[in-house]
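My notes follow in the order I looked things up.

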Amino acid sequence: MSDQDLRSAALVIGHKDFAAGIVSAVTAITGRTDLFRTASNYGLDTRATEAMLREAIADGVRVIFSDLPAGSTTMAARRAQRDHPDITVVTGISLPVLLDYAFAAPDAADAADAAVEKGRAAMMVTRGSARAD
Amino acid sequence: MPIELHRIDDRLIHGQVVVGWGQPLELRFLVLVDDEVAASEWEQELYRMGVPSDMRVEFVSVAQAIERYAAFAADPKPGMLLTGDIDTMARLCAAIPALRRVNLGGVHHRAGRAQKLRYIFLTGDEEAELRAMAANGVEISAQDVPAARVIPLATVLAGEALA
């Protein structure tokens with residue numbers, strides 16, 4: 001599978017303009033526009049969102065990234081996955097997750113798992129301290 | 001009022017419910033009333049996956065909801081009752097005199113429905129069902145998230161709030 005084949009098999013879905021926004025950030029950083037397809041659940045019920053995802057799966061999508069674990073995006077993806085056990089669903093995504101996935105080896109079977117670990121590790125809290133000088 | 005909101009939302013448990021309403025109302029339990037979900041372990045597991053660990057979910061049929069409503073309402077912790085369609089909520093209102101306030105949270109586009117709000121689309125039968133509920137003393141308004149304007153049923157049905 002070519003690099004482009006693997007990337008076009010990934011779809012990002014989220015609330016309102018989330019997917020378009022986060023994928024635009026991936027493009028700004030990587031310069032690539034062929035990495036992820038995007039979709040929104042805006043104005044759709046779960047059934048319509050699921051139908052949209054099933055169409056994408058029929059069109060070659062194999063990995064679905066969604067924004068919120070409790071969201072209807074994830075519910076729809078999980079329902080579609082029930083009939084397509086070869087589909088991987090990743091939820092709670094962030095920019096570090098997508099960037100790691102984008103730079104993974106094209107044939108890496110564990111690319112989604114590795115990206116999730118990268119996303120977890122990228123989260124931190126920093127607090128300022130008074131300067132001594 | 002232990003059940004803070006009686007909501008009609010065809011997405012059932014999702015972000016607006018768990019986060020949008022769940023956090024400001026400090027919801028600690030959800031009552032999901034749906035005969036199909038109540039009969040399916042797989043569906044229940046799917047919905048449970050999206051709920052934080054400090055929030056309890058009760059999956060009940062319409063009959064079970066009617067039977068157990070008083071116990072849910074007596075729970076000292078704040079909760080929300082959810083149905084996925086208007087007909088289910090109408091059946092609950094008809095059987096539970098204490099259920100007198102309903103939130104329209106999301107009824108989305110489908111063939112045969114006309115748009116009333118950005119997030120409310122209704123068939124003629126659904127509109128009639130809502131009018132009948134209101135005529136029987138149920139206060140119905142639309143509000144998708146807490147920060148949004150509360151829109152009375154009459155305004156919704158007139159399409160006057162459609163942007």
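I started with B:Phe121, which I found in strand S7 (residues 120–122) of chain B. Strands here are DSSP runs of E with at least two residues, helices are runs of H or I with at least four, and both are numbered from the N terminus. I kept in mind that this is a predicted model, where local features need pLDDT of at least 70, side-chain atom pairs count only at pLDDT 80 or more, and totals for chains, interfaces and linings use all residues. Residues are numbered from 1 along each chain as its sequence is written, while chains are lettered from A and ligands numbered from 1 in the order in which they are written.

Is B:Phe121 buried or exposed? I got 20 C-beta neighbours inside 10 Å, so B:Phe121 counts as buried. The cut-offs are 20 or more other C-beta atoms within 10 Å for buried, 12 or fewer for exposed, and partly exposed in between, with C-beta atoms placed from the backbone.

Next I listed what B:Phe121 touches, leaving out residues up to four places away in sequence: B:Val107, B:His108, B:His109, B:Arg110, B:Arg113, B:Ala114, B:Gln115 and B:Lys116. Contact means that the C-beta atoms, placed from the backbone, lie within 7 Å. I also checked B:Tyr47, 74 residues away along the chain from B:Phe121, and the two C-alpha atoms are separated by 24 Å.

Then I zoomed out to chain B. I noted seven helices and nine strands, and 39% of its 163 residues count as buried. Taking contacts between residues at least 6 apart in sequence, I saw that 70% join residues at least 24 apart. The C-alpha trace spans about 40 × 30 × 30 Å along its principal axes.

Over to where the chains meet. Chain A puts 14 residues into the contact and chain B 13. On the chain A side, helix H3 (46–58) and helix H4 (72–83) each supply at least two residues, and H4(A) gives the most, with four.

How do H3(A) and H4(A) pack? I read an angle of about 55°, with the axes 8 Å apart; axes are lines fitted to C-alpha atoms over the stretch in contact, and angles run from 0 to 180 degrees between N-to-C directions. H3(A) and H4(A) are therefore oblique to each other, the class left over after under 35 degrees (roughly parallel), over 145 (roughly antiparallel) and 65 to 115 (roughly perpendicular). Among the residues that meet, I jotted down A:Leu53 and A:Ile57 from H3(A), and A:Met75 and A:Ala76 from H4(A).

Methods: Two residues are in contact if their C-beta atoms, placed from the backbone, lie within 7 Å.
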